[in-house]
Amino acid sequence: MTRFVLRSGEVFESERDPSDFDTFCYEKDGQEQTCHLLSFQSEISFLMMLGDDLNLSYEPLQSKT
């Protein structure tokens, strides 16, 4: 499992391949891999794939008028 860090500092764990995104990765003690998502586009792509992995979907809110 890889830890992905958004530019805001939020952390998500995923089994996604970090090379699919614009990332800077490092390992601590040769075990735990942490990858920082380096661009807005990478964050959006990662979050959309994470949503797919978790079986989430976006539904726009209906306006109350």
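Is Cys 25 buried, partly exposed or exposed, and at what relative accessibility? I looked this up before anything else. Cys 25 counts as partly exposed, at 28% relative accessibility. The scale I use calls a residue buried under 20% relative accessible area, exposed over 50% and partly exposed in between, with a 1.4 Å probe and protein chains only.

**Ground rules.** The model is predicted: local features need pLDDT of at least 70, side-chain atom pairs count only at pLDDT 80 or more, and totals for chains, interfaces and linings use all residues. Residues are numbered from 1 along each chain as its sequence is written, and side-chain values use heavy atoms, with hydrogens and water left out.

**Disulfide.** I searched the whole structure and found one disulfide, that is, a pair of cysteine sulfur atoms within 2.5 Å. Cys 25 and Cys 35 form this disulfide, with their sulfur atoms 2.1 Å apart. The link is right-handed, with 115° about the S-S bond. Cys 25 sits in strand β3 and Cys 35 in strand β4, ten residues apart, and the pair links distant parts of the chain. Helices (H or I, at least four residues) and strands (E, at least two) are DSSP runs, numbered from the N terminus. Cys 35 is buried, at 0% relative accessibility.

**Sheet.** I then traced the strands. Four of them form an open sheet in the order β2-β1-β4-β3, with mixed pairing. Two strands pair if DSSP finds at least two bridges between them. The edge strands β2 and β3 each pair on one side only. From one strand to the next the twist averages 25°. Between β3 and β4 I noted antiparallel pairing over six bridges. Thr 23 has Leu 37 in β4 as its bridge partner. The helix α1 packs on the sheet and touches β1, β2 and β4, and its direction makes about 55° with that of β2. Axes are lines fitted to C-alpha atoms, for helices over the stretch in contact, and angles run from 0 to 180 degrees between N-to-C directions.

**Aromatic pairs.** Rings of Phe, Tyr and Trp (its six-membered ring) pair if their centres lie within 6.5 Å; planes under 30 degrees apart count as stacked, over 60 as edge-to-face and the rest as tilted. By this rule I have five aromatic pairs. Phe 4 and Phe 21 are edge-to-face, because their ring centres are 5.9 Å apart and their planes stand at 80°. Phe 4 lies in strand β1 and Phe 21 in the loop between β2 and β3, so the pair ties together parts 17 residues apart in sequence. Phe 4 is buried at 0%, and Phe 21 is buried at 8%. Phe 24 and Tyr 26 make a tilted pair, 6.3 Å centre to centre and with 45° between the planes. Tyr 26 is partly exposed, at 40%. Phe 4, Phe 12, Phe 21 and Phe 46 form one aromatic cluster.

**Core.** Which residues make up the largest nonpolar core? I list seven: Phe 4, Leu 6, Phe 21, Cys 35, Leu 37, Phe 46 and Leu 50. Such a core is a set of buried Ala, Val, Leu, Ile, Met, Phe, Trp, Tyr and Cys residues joined through side-chain atoms within 4.5 Å. β4 and α1 are the elements that give two or more residues to this core.

**Contacts.** Contact means heavy atoms within 4.5 Å. Leaving out residues up to four places away in sequence, Leu 6 touches Phe 12, Leu 37, Glu 43 and Leu 47.
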